[in-house]
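Student: Hi! Could you walk me through a structure that I have not looked at before?
Tutor: Happy to, let's open it up together.

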Amino acid sequence: MARKFVEAGVRFIELGHGGWDNHNNLKSKLTSNAREIDQPIAALIQDLKQRDLLKQTLIVWGGEFGRTPAAQNDDGRDHNNKGFSMWMAGGGAKGGYVHGATDEHGVAAVEKKMHINDLHATMLYLLGLDHEKLTYRYSGRDYRLTDLAGVVAKDVIA
(Lines give C-alpha, C1' and ligand atoms only; values in the text may rest on other atoms or scores of the structure.)
Protein backbone atom coordinates (compact mmCIF):
# COMPACT_ATOMS: atom_id res chain seq x y z
CA MET A 1 0.00 0.00 0.00
CA ALA A 2 2.85 2.41 0.84
CA ARG A 3 4.40 1.79 -2.59
CA LYS A 4 1.07 2.57 -4.24
CA PHE A 5 0.91 5.85 -2.34
CA VAL A 6 4.42 6.72 -3.59
CA GLU A 7 3.42 5.83 -7.15
CA ALA A 8 0.35 8.06 -6.79
CA GLY A 9 2.55 10.99 -5.77
CA VAL A 10 1.70 11.15 -2.07
CA ARG A 11 4.50 13.27 -0.60
CA PHE A 12 4.55 12.01 2.99
CA ILE A 13 3.62 8.55 4.26
CA GLU A 14 3.99 7.42 7.84
CA LEU A 15 3.89 3.74 8.70
CA GLY A 16 3.63 2.77 12.33
CA HIS A 17 3.86 -0.37 14.37
CA GLY A 18 3.01 -0.18 18.06
CA GLY A 19 4.21 -2.26 20.94
CA TRP A 20 7.89 -1.32 21.13
CA ASP A 21 7.86 -0.01 24.72
CA ASN A 22 9.28 -3.21 26.20
CA HIS A 23 10.06 -2.79 29.87
CA ASN A 24 9.45 -6.52 30.31
CA ASN A 25 9.33 -9.67 28.15
CA LEU A 26 11.85 -8.03 25.84
CA LYS A 27 13.10 -11.22 24.23
CA SER A 28 9.70 -12.45 23.08
CA LYS A 29 8.20 -9.01 22.30
CA LEU A 30 11.22 -7.70 20.40
CA THR A 31 11.53 -10.94 18.45
CA SER A 32 7.84 -10.77 17.55
CA ASN A 33 8.00 -7.11 16.51
CA ALA A 34 11.11 -7.67 14.39
CA ARG A 35 9.46 -10.62 12.63
CA GLU A 36 6.38 -8.51 11.90
CA ILE A 37 8.26 -5.59 10.32
CA ASP A 38 11.41 -7.09 8.80
CA GLN A 39 9.95 -8.61 5.63
CA PRO A 40 7.45 -5.80 4.91
CA ILE A 41 10.18 -3.15 5.15
CA ALA A 42 12.51 -5.19 2.93
CA ALA A 43 9.66 -5.69 0.44
CA LEU A 44 8.89 -1.95 0.37
CA ILE A 45 12.53 -1.10 -0.32
CA GLN A 46 12.73 -3.78 -3.01
CA ASP A 47 9.47 -2.64 -4.64
CA LEU A 48 10.58 0.99 -4.71
CA LYS A 49 14.00 0.05 -6.07
CA GLN A 50 12.53 -2.16 -8.83
CA ARG A 51 10.29 0.70 -9.93
CA ASP A 52 13.14 3.27 -9.75
CA LEU A 53 11.30 5.13 -6.97
CA LEU A 54 13.79 4.57 -4.15
CA LYS A 55 16.02 7.39 -5.41
CA GLN A 56 13.24 9.89 -4.81
CA THR A 57 11.77 8.30 -1.67
CA LEU A 58 13.41 8.84 1.71
CA ILE A 59 12.71 6.05 4.18
CA VAL A 60 13.51 6.74 7.83
CA TRP A 61 13.20 3.96 10.43
CA GLY A 62 13.40 4.43 14.14
CA GLY A 63 11.96 3.07 17.33
CA GLU A 64 10.77 5.34 20.10
CA PHE A 65 14.43 5.70 21.10
CA GLY A 66 17.19 3.61 22.61
CA ARG A 67 17.24 1.09 25.43
CA THR A 68 19.68 0.74 28.28
CA PRO A 69 22.02 -2.26 28.13
CA ALA A 70 21.10 -3.33 31.67
CA ALA A 71 18.03 -5.44 32.42
CA GLN A 72 14.86 -4.00 33.89
CA ASN A 73 12.07 -6.16 35.31
CA ASP A 74 14.10 -9.35 34.67
CA ASP A 75 13.63 -9.27 30.87
CA GLY A 76 13.24 -5.66 29.77
CA ARG A 77 15.15 -2.45 29.23
CA ASP A 78 14.60 1.12 30.38
CA HIS A 79 14.58 4.12 28.05
CA ASN A 80 17.91 5.50 26.85
CA ASN A 81 18.09 8.83 25.07
CA LYS A 82 21.89 8.87 25.02
CA GLY A 83 22.53 6.26 22.34
CA PHE A 84 20.13 4.74 19.87
CA SER A 85 19.84 3.65 16.27
CA MET A 86 17.88 4.85 13.29
CA TRP A 87 18.41 4.18 9.62
CA MET A 88 17.64 5.84 6.33
CA ALA A 89 17.36 4.42 2.85
CA GLY A 90 16.84 6.02 -0.54
CA GLY A 91 16.07 9.67 -1.10
CA GLY A 92 19.72 10.66 -1.36
CA ALA A 93 20.91 8.92 1.83
CA LYS A 94 24.24 7.13 1.49
CA GLY A 95 23.66 3.37 1.33
CA GLY A 96 25.56 1.17 3.78
CA TYR A 97 26.93 4.13 5.71
CA VAL A 98 27.10 4.01 9.54
CA HIS A 99 27.20 7.41 11.24
CA GLY A 100 28.50 7.40 14.79
CA ALA A 101 28.90 4.78 17.47
CA THR A 102 28.11 4.14 21.12
CA ASP A 103 30.53 3.12 23.83
CA GLU A 104 31.33 -0.59 24.21
CA HIS A 105 28.28 -1.11 26.45
CA GLY A 106 25.79 0.75 24.27
CA VAL A 107 25.09 3.31 26.99
CA ALA A 108 25.89 6.55 25.17
CA ALA A 109 26.94 7.90 21.80
CA VAL A 110 30.66 8.60 21.68
CA GLU A 111 31.41 9.18 17.97
CA LYS A 112 29.72 11.60 15.58
CA LYS A 113 26.91 12.40 18.00
CA MET A 114 23.82 13.66 16.24
CA HIS A 115 21.33 15.89 18.03
CA ILE A 116 17.68 15.52 17.04
CA ASN A 117 17.92 18.98 15.44
CA ASP A 118 20.77 17.69 13.25
CA LEU A 119 18.69 14.66 12.26
CA HIS A 120 15.76 16.89 11.33
CA ALA A 121 18.02 19.30 9.41
CA THR A 122 19.50 16.35 7.49
CA MET A 123 16.11 14.80 6.71
CA LEU A 124 14.76 18.15 5.53
CA TYR A 125 17.86 18.66 3.36
CA LEU A 126 17.30 15.25 1.76
CA LEU A 127 13.71 16.31 1.09
CA GLY A 128 14.97 19.44 -0.65
CA LEU A 129 14.14 21.87 2.15
CA ASP A 130 16.38 24.34 3.97
CA HIS A 131 15.62 23.98 7.68
CA GLU A 132 16.81 27.52 8.35
CA LYS A 133 14.14 28.95 6.05
CA LEU A 134 11.25 27.01 7.60
CA THR A 135 10.51 29.62 10.23
CA TYR A 136 7.42 31.18 11.71
CA ARG A 137 7.10 34.09 14.09
CA TYR A 138 5.31 33.53 17.37
CA SER A 139 5.31 35.77 20.42
CA GLY A 140 8.03 37.95 18.94
CA ARG A 141 10.43 35.08 18.25
CA ASP A 142 11.27 33.08 15.13
CA TYR A 143 10.71 29.35 15.54
CA ARG A 144 11.58 26.39 13.37
CA LEU A 145 11.60 22.59 13.63
CA THR A 146 15.32 22.62 14.31
CA ASP A 147 14.94 25.57 16.74
CA LEU A 148 18.10 27.70 16.68
CA ALA A 149 20.36 24.74 15.96
CA GLY A 150 20.64 21.91 13.47
CA VAL A 151 23.53 21.07 11.20
CA VAL A 152 23.09 18.94 8.11
CA ALA A 153 25.16 15.74 8.46
CA LYS A 154 26.82 15.83 5.03
CA ASP A 155 28.44 12.40 5.68
CA VAL A 156 24.97 10.82 5.48
CA ILE A 157 24.28 12.21 2.01
CA ALA A 158 25.15 10.14 -1.07
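Tutor: Asn24 is partly exposed, since its relative accessible area is 32%. By the cut-offs used here, buried means under 20% relative accessible area, exposed over 50% and partly exposed in between (1.4 Å probe, protein chains only).
Tutor: This is a predicted model, where local features need pLDDT of at least 70, side-chain atom pairs count only at pLDDT 80 or more, and totals for chains, interfaces and linings use all residues. Residues are numbered from 1 along each chain as its sequence is written, and side-chain values use heavy atoms, with hydrogens and water left out.

Student: Okay, where is the place of Asn24?
Tutor: Asn24 is in the loop between α1 and α2. Helices (H or I, at least four residues) and strands (E, at least two) are DSSP runs, numbered from the N terminus.

Student: And what does Asn24 touch?
Tutor: Not counting residues up to four places away in sequence, Asn24 touches Lys29, Asn73, Asp75 and Gly76. Contact here means heavy atoms within 4.5 Å.

Student: Which side chain makes a polar contact with the side chain of Asn24?
Tutor: That is the side chain of Lys29, at 3.0 Å. A polar contact is a pair of N or O atoms within 3.5 Å; within protein, one must be able to donate a hydrogen and the other to accept it, and residues adjacent in sequence count only if both atoms are side-chain atoms.

Student: New topic: how many aromatic pairs does the structure hold?
Tutor: There are three aromatic pairs. Rings of Phe, Tyr and Trp (its six-membered ring) pair if their centres lie within 6.5 Å; planes under 30 degrees apart count as stacked, over 60 as edge-to-face and the rest as tilted. Trp20 and Trp61 have ring centres 6.1 Å apart and planes at 80°, so this pair is edge-to-face.

Student: Which parts does the pair of Trp20 and Trp61 tie together?
Tutor: Trp20 lies in the loop between α1 (2–7) and α2 (26–50) and Trp61 in strand β1 (residues 59–62), so the pair ties together parts that are 41 residues apart in sequence.

Student: How about the tyrosines?
Tutor: Ring pairs link Tyr136, Tyr138 and Tyr143 into a cluster. Tyr138 counts as exposed, at 53% relative accessibility, and Tyr143 as partly exposed, at 27%.

Student: In which sense do β7 and β8 pair?
Tutor: Strand β7 (residues 135–138) and strand β8 (residues 141–144) pair in the antiparallel sense over four bridges. Two strands pair if DSSP finds at least two bridges between them. The bridge partner of Tyr136 in β8 is Tyr143.

Student: Last one: which residues make up the largest nonpolar core?
Tutor: Its ten residues are Leu58, Met88, Ala93, Leu119, Ala121, Leu126, Val152, Ala153, Val156 and Ile157. The largest share of this core, three residues, comes from helix α3 (residues 116–126). A nonpolar core is a set of buried Ala, Val, Leu, Ile, Met, Phe, Trp, Tyr and Cys residues joined through side-chain atoms within 4.5 Å.
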